[in-house]
Amino acid sequence: MDYDIAIIGLGPAGSTLARLLSPSFKVIALDAKHQTGNEGFHKPCGGLLANDAQKAFIRQKLNLPKDILTDPQIFSVKTIDLQTKLIRNYQRSYVSFDRHKFDLWLKSLIPSKVNVLHNTLCKEVRRIIDGYQITYLDQNKTEHNVTAQYVVGADGANSLVRRMRYPQHKIRQYVAIQQWFTEQHPNPFNSCIFDNKLTNCYAWSISKDGYFLFGGAFSKKVATQHFEKLKEKLSMQGFIFGEPLKTEKCLVVYPNRLRDFYTGNENIFLIGEAAGFISASSLEGISYALDSAEILSKILNSGHPKPNKCYYQRTIPLRFKLYGKIVKAKLLTTPIWRKLIMKSKIQHTEQH
Ligand SMILES: Cc1cc2nc3c(=O)[nH]c(=O)nc-3n(C[C@H](O)[C@H](O)[C@H](O)COP(=O)(O)OP(=O)(O)OC[C@H]3O[C@@H](n4cnc5c(N)ncnc54)[C@H](O)[C@@H]3O)c2cc1C
């Protein structure tokens, strides 16, 4: 084998694993993003760090550098139900940051002993005796093969590793669309929008560094159409959009059942969103990416004789926590329940 471990994808999950693995391993890590700068692949994201992700960074003794933070830091989320016209402000202690800078910062923390290949696309993971052969295209689109004993799929919502190795473990996916506008609202705000006619998930808006980000998750076939309709509806509610400066689109997994969370077998491990680890009620996924990477690093570093079984077992609490989010999502996307939840704790109703 050329390597002990091959990590496919360096988002929060892959970068964290690469940083926490013991230096005794020979590790290769492939990532579609460039090493620095604004070129290449950017992960579309709201860029909000939730409580659990903050806790993971505390455990890992990391602080966010100042230059990745964005302005303003808003600690309330206006929840808008377009069906019942209820509006409620909830307190949320998110840290707002620039997602691309965040990803590049996490990559920069990977020890130099790990062979990190940037701007590289993994094309195939094939079983061979005693391990796997990984085929990838480098930045010049030249094809290469390497072999590794263990493969870690940290390649996000549309994971090639999961699709290729576990086609039977399909998971529901939505299309997330996010547009950037010049911020024109007199008071910057973050919001979360429910409208059962246009999205069976939810939509959001975030004010960030002079921009107004508006996004939502939609069924694949109607995504663009429903995104535009939702913008029209919200314009009537006082949202100011203008001309979009940037449109981002990607798949986002939307787990629906306990068995949607899949952690791999036969020396392949799925971490982060590739495993289905994302909250169905808020689409918050960074904390689960960090947590699953940390759990796997401990297992591999300990030299456990049955690492797949152990990883499955140690992620059971995480899976049950995420199942709780599925139940919460089902309640929040059911208008009658949402109305009851929002009415039970109304602080004040208001229009923009
Ligand atoms: C629109 C949107 C907004 C979101 N907002 C938030 C938020 O505010 N807060 C939050 O906590 N979560 C948010 N999420 C969820 C969060 O972004 C993900 O759950 C999280 O990024 C998952 O981390 P990951 O490391 O598992 O995967 P990713 O962050 O998706 O990273 C995977 C990486 O793998 C690489 N890759 C993929 N395929 C290949 C390949 N074939 N070869 C080589 N490299 C490859 C890519 O470079 C990519 O960066 C949002 C999701 C979406 C879609």
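Student: Where is lysine 85 found?

Tutor: Lysine 85 sits in the loop between β4 and β5 (86–91). Helices (H or I, at least four residues) and strands (E, at least two) are DSSP runs, numbered from the N terminus. This is a predicted model: local features need pLDDT of at least 70, side-chain atom pairs count only at pLDDT 80 or more, and totals for chains, interfaces and linings use all residues. Residues are numbered from 1 along each chain as its sequence is written, and side-chain values use heavy atoms, with hydrogens and water left out.

Student: What phi does lysine 85 have?

Tutor: Lysine 85 has a positive phi of about 65°, although it is not a glycine. Leucine 283 also has a positive phi, of about 60°, and is not a glycine either. Leucine 283 lies in the loop between β16 (268–270) and α6.

Student: Is leucine 283 buried or exposed?

Tutor: Buried means under 20% relative accessible area, exposed over 50%, partly exposed in between (1.4 Å probe, protein chains only). Leucine 283 has 16% relative accessibility, so it counts as buried. Now take aspartate 67, in the loop between α2 and β4. Its relative accessibility is 53%, so aspartate 67 counts as exposed. The C-alpha atoms of aspartate 67 and phenylalanine 102 are separated by 9.4 Å, and the two residues are 35 residues apart along the chain.

Student: Which peptide bond is cis?

Tutor: Look at omega. The bond joining aspartate 71 and proline 72 is cis, with omega about 0°. Proline 72 is in the loop between α2 and β4.

Student: Which side chains make a polar contact with serine 96?

Tutor: A polar contact is a pair of N or O atoms within 3.5 Å; within protein, one must be able to donate a hydrogen and the other to accept it, and residues adjacent in sequence count only if both atoms are side-chain atoms. The side chain of serine 96 pairs with that of threonine 70 at 2.7 Å. A second polar contact, of 3.0 Å, links the side chains of serine 96 and lysine 208.

Student: Why does serine 96 count as buried?

Tutor: Because its relative accessibility is 4%. Serine 96 belongs to strand β6 (residues 95–96). Contact means heavy atoms within 4.5 Å. Not counting residues up to four places away in sequence, serine 96 touches Gly47, Leu48, Leu69, Thr70, Pro72, Gln73 and Lys208.

Student: How are two packed helices described?

Tutor: By the angle between their axes and the distance between the axes. Axes are lines fitted to C-alpha atoms, for helices over the stretch in contact, and angles run from 0 to 180 degrees between N-to-C directions. Here, the axes of α2 (residues 51–59) and α6 (residues 286–301) come within 7 Å and cross at roughly 35°.

Student: Which residues meet there?

Tutor: From α2, Asp52, Ala53, Ala56, Phe57 and Arg59; from α6, Ile286, Ser287, Leu290, Asp291 and Glu294. These residues divide into five nonpolar, one polar and four charged. Ala, Val, Leu, Ile, Met, Phe, Trp, Tyr, Cys and Pro count as nonpolar, Asp, Glu, Lys and Arg as charged, and the others, Gly among them, as polar.
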